[in-house]
Amino acid sequence: MKKEYLGEFEELVLTMVALLGENAYGNAIVDEIRDKIGREVNLSAVHVTLYRMEDKGYVSSEMGGASNMRGGRRKRIFTASNAGLQMLQSLKAQRQELWALIPDLKFSIA
């Protein structure tokens, strides 16, 4: 079995899905990325990434209820799978190991 890797944007989107829980849908993910890290992202890019991660088994989705606010349309709600949560844990552990190898950084204000 080959090892799967996540790109930076995939990791960011998967992190937001885990963070948002039952409120993880396209626009909410875009808003959360903007609010939490100040990065503007395209809704279409988020959707493509979510579907790609669904194919990889890192997220699952289901249709939520329709609302008048959305003109009767339903939202697709995404949930991080166990494999997705394990991938996030693995990425976190890898980064912590790498950061531990870097000598204490001392920053000077110029």
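This is a predicted model: local features need pLDDT of at least 70, side-chain atom pairs count only at pLDDT 80 or more; totals for chains, interfaces and linings use all residues.
**Helix 2 against helix 3**

Which residues make the contact? I found Gly 26, Asn 27, Ile 29 and Val 30 on helix 2, and Leu 43, Val 46, His 47 and Leu 50 on helix 3. Contact here means heavy atoms within 4.5 Å. I sorted these residues into five nonpolar, three polar and no charged. For the sorting, Ala, Val, Leu, Ile, Met, Phe, Trp, Tyr, Cys and Pro are nonpolar, Asp, Glu, Lys and Arg are charged, and the others, Gly among them, are polar.

**Helix 1 against helix 2**

Next I looked up helix 1 and helix 2, which pack at about 100 degrees with axes 10 Å apart. That makes helix 1 roughly perpendicular to helix 2. From helix 1, Leu 12, Val 13, Met 16, Val 17, Leu 19 and Leu 20 meet Ala 28, Ile 29, Glu 32, Ile 33, Lys 36 and Ile 37 of helix 2. I noted ten nonpolar residues, no polar and two charged in this contact.

**The core**

The largest nonpolar core has 24 residues. Such a core is a set of buried Ala, Val, Leu, Ile, Met, Phe, Trp, Tyr and Cys residues joined through side-chain atoms within 4.5 Å, where buried means under 20% relative accessible area with a 1.4 Å probe, protein chains only. Which members touch the most others? I wrote down Val 13, Leu 14, Val 17, Ile 29, Val 46, Leu 50 and Met 53. Helices 1 to 4 and strand 2 (74-80) each supply at least two residues, and helix 1 gives the most, with seven.

I then followed Val 17: beyond its neighbours within four places in sequence, Val 17 contacts Ala 24, Ile 29, Leu 50, Val 59, Phe 78, Thr 79 and Ala 80.

**The whole chain**

I listed four helices and two strands, in the order α-α-α-β-β-α. These are DSSP runs numbered from the N terminus: helices are H or I, at least four residues, and strands are E, at least two. Of the 110 residues, 30% count as buried.

Residues are numbered from 1 along each chain as its sequence is written, and side-chain values use heavy atoms, without hydrogens and water. Local features need pLDDT of at least 70 and side-chain atom pairs 80 or more, while totals for chains, interfaces and linings use all residues.

Definitions and conventions:
Buried means under 20% relative accessible area, exposed over 50%, partly exposed in between (1.4 Å probe, protein chains only). Axes are lines fitted to C-alpha atoms, for helices over the stretch in contact, and angles run from 0 to 180 degrees between N-to-C directions. Angles under 35 degrees count as roughly parallel, over 145 as roughly antiparallel, 65 to 115 as roughly perpendicular and the rest as oblique.
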